[in-house]
Amino acid sequence: MRSSCAPDAACPDRPSGGPSGCQGTTAVRGRLVWFRDDPFLTSSDEALVYVDDGLLVCHDGKIVAAGDHGRLVRDLPPGVTVESYRDKLILPGLVGSHAHYVQVRIIAEYGEELLDWLRDYVYPEERRFADASYARPIAALFCDELLRNGTTTAMVHCATSPQSVDALFEESVGRGMRLVAGKVLMDRKAPSDVLDSSPEQAYEESRKLIERWHGVGRSVYAVTPRFAYTCSSEMLRVAGALWREHPGTLLQTHLAENRWEVAKVAELFPPPRYRDYVDVYEKHGLLGPGAVFAHAVHLRKREWERLHHTGSGVSHCPTSNLFLGSGLFRMKRAARRSRRVPVGLGSDVAGGTSLSLLQTASEAYKVGALRGYPMDGVKLFYLATVGSATAMRLDHLVGSLEPGHEADFVVLDPAATPQLDARTADVDSVNDLLFSLAVMGDDRAVLATYLAGRLAHRRDACPGPLPVRPTDTRGDRS
């Protein structure tokens, strides 16, 4: 069900990539790019690490060295073959901080505002994931598309059905991916067949899923209340209890995506008991390091301050916010030095229109420009790598080429298309090159994707069998 050869399959067009990530050594040569600091707090030049002729050495799934090729190649173990991507960029694998794998098949459904779009398109699709035979090929397609687009780690919403979670983790564990995912929790304001029957049932199903999947392979479980509008106070308390009782799990939900949504939440959780949307989550124990709030478009000063002081993270989802007409994210407010909030980049498929974080970065630039805060190439790629990892509190594991990190990386081709080749042939700086890739790049710019030092996708690899197409029973959406 993969779109390219499996990593162990024989294919003459693919670099060997070395043995599996759990044994042996992989070494790749190219132009290394990663980040030593936050460019929103320092400067792009200070934050960037660039090695023009670099060598990345991986052993047992971890990066053990990254630096000058001439210096490091002499220390390679005997018999290690260096794979050369000399004119390409090698960066940390891209990290997506928000997506819905159960919505892959409804990308580009004709736009409506958020709550209508959920009712007309999302809920009818998500109910189908109670059927494991429907969920499995979609999970495979989703993982294929992540890797084809250079994304090696993603934070993902499943559906309310436990089967939807099982299908995704089965697929990601089999590939060796680091995915963060969880069963959606919701008990109101949606059709009954996509709701949890009770907070108690939601708690028990989530607890079993955490025991089944958290820490298996590279899996991380995320407690996942959909958003305050679809959760009773008791359901939000259940989410807080699950997160508190299972150290190492993360938390993901939505926040202030749409003005109508914000108004509806204020009706359901009214003042003076709840001061604002962020306060709803805080009073239920849902703020803190490892909590990631998608969108955060319509926040007030106090809400930004609470996110900062609690160490909570935010996922910026520009393609979704534009497609659904939700609003323009204020990166300048999140990046304020006195109250910096960790921000990552999320595709938010299927509100978002592509799983490509390069295309997502392009839209982030445009949203920033409209808000008077345009971002250069360093800032955009920071958001798509260590920025997202930091928002998820996984920056000690992924998002960097520093030794000790997991050996997930992507090889980007600046000459992937004739137009991109013409644009990047005479760039003045690495920053300009990154900006060109962010604004003009897509899956074609991703030459190869590696997981734990092992080749997982190659753009020009021999094709595998087509994915199994699930039975389309959508019919009437009413």
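Where is Ala296 found? The legends below take up this loop and other close-up views of a predicted model.

**Figure 1. Backbone of Ala296.** Ala296 is found in the loop between strand E11 and helix H10. Strand E11 covers residues 291-295, and helix H10 covers 301-310. Ala296 is not a glycine, yet its phi is positive, at about 50°.

**Figure 2. Cis peptide bond between Pro271 and Pro272.** Two prolines, Pro271 and Pro272, are joined by a cis peptide bond. Omega is about 5°. Pro272 lies in a loop, with helix H8 (259-268) and helix H9 (277-283) on either side of that loop.

**Figure 3. Cis peptide bond from Val349 to Ala350.** Here the bond running from Val349 to Ala350 is cis. Its omega is near 20°. Ala350 sits in the loop between strand E13 (343-345) and H13.

**Figure 4. Helix H13 against helix H16.** Helix H13 spans residues 357-370, and helix H16 spans residues 430-440. Their axes come within 6 Å. The crossing angle is roughly 100°. Angles of 65 to 115 degrees count as roughly perpendicular, and H13 and H16 are therefore roughly perpendicular to each other. From H13, the contact uses Leu358, Ala361, Ser362 and Tyr365. Facing them in H16 are Phe435, Leu437, Ala438 and Val439. By class, the contact of H13 with H16 has seven nonpolar residues, one polar and no charged.

**Figure 5. Helix H14 against H16.** Helix H14 (residues 377-391) also packs on H16, with the axes coming within 7 Å. They cross at roughly 60°. H14 and H16 are therefore oblique to each other. The crossing of H14 past H16 is left-handed. On the H14 side, the contact residues are Gly377, Val378, Leu380 and Phe381. They meet Asn431, Leu434, Phe435, Leu437 and Ala438 in H16. The contact of H14 with H16 divides into seven nonpolar residues, two polar and no charged.

**Figure 6. Helix H6 beside helix H7.** Helix H6 (residues 199-213) and helix H7 (residues 233-245) pack with their axes 9 Å apart. The angle is about 25°. Angles under 35 degrees count as roughly parallel, and H6 and H7 are therefore roughly parallel to each other. H6 passes H7 in a right-handed crossing. H6 contributes Pro199, Ala202, Tyr203, Ser206, Arg207 and Ile210 to the contact. H7 contributes Glu234, Met235, Val238, Leu242 and Glu245. Sorted by class, the residues of the contact of H6 with H7 are seven nonpolar, one polar and three charged.

**Figure 7. Interface of domain 1 and domain 2.** The domain assignment of the protein gives domain 1 as 25-93 + 401-458 and domain 2 as 94-392. Taken over C-alpha atoms, the centres of domain 1 and domain 2 are separated by 28 Å. Domain 1 puts 33 residues into the contact, and domain 2 puts in 35 residues. The size of an interface is often given as the accessible area lost when the parts come together. Between domain 1 and domain 2, the buried area is about 2900 Å². Carbon and sulfur atoms give 66% of that area. In domain 1, the residues losing the most area to domain 2 are Phe40, Leu41 and Leu451. Together, Phe40, Leu41 and Leu451 make up 24% of what the domain 1 side buries.

Technical notes: Residues numbered from 1 in each chain as written. Predicted model: local features only at pLDDT ≥ 70, side-chain atom pairs only at ≥ 80, totals over all residues. Heavy atoms only, no water. Axes fitted to C-alpha atoms, helices over the stretch in contact; angles between N-to-C directions. Helix = DSSP H or I, 4+ residues; strand = E, 2+ residues; numbered from the N terminus. Parallel < 35°, antiparallel > 145°, perpendicular 65-115°, else oblique. Contact = heavy atoms within 4.5 Å. Nonpolar A, V, L, I, M, F, W, Y, C, P; charged D, E, K, R; others polar. Left-handed = near helix turned anticlockwise from the far one by under 90°. Domains from an automatic or database assignment. Buried area = accessible area lost by both parts, 1.4 Å probe.
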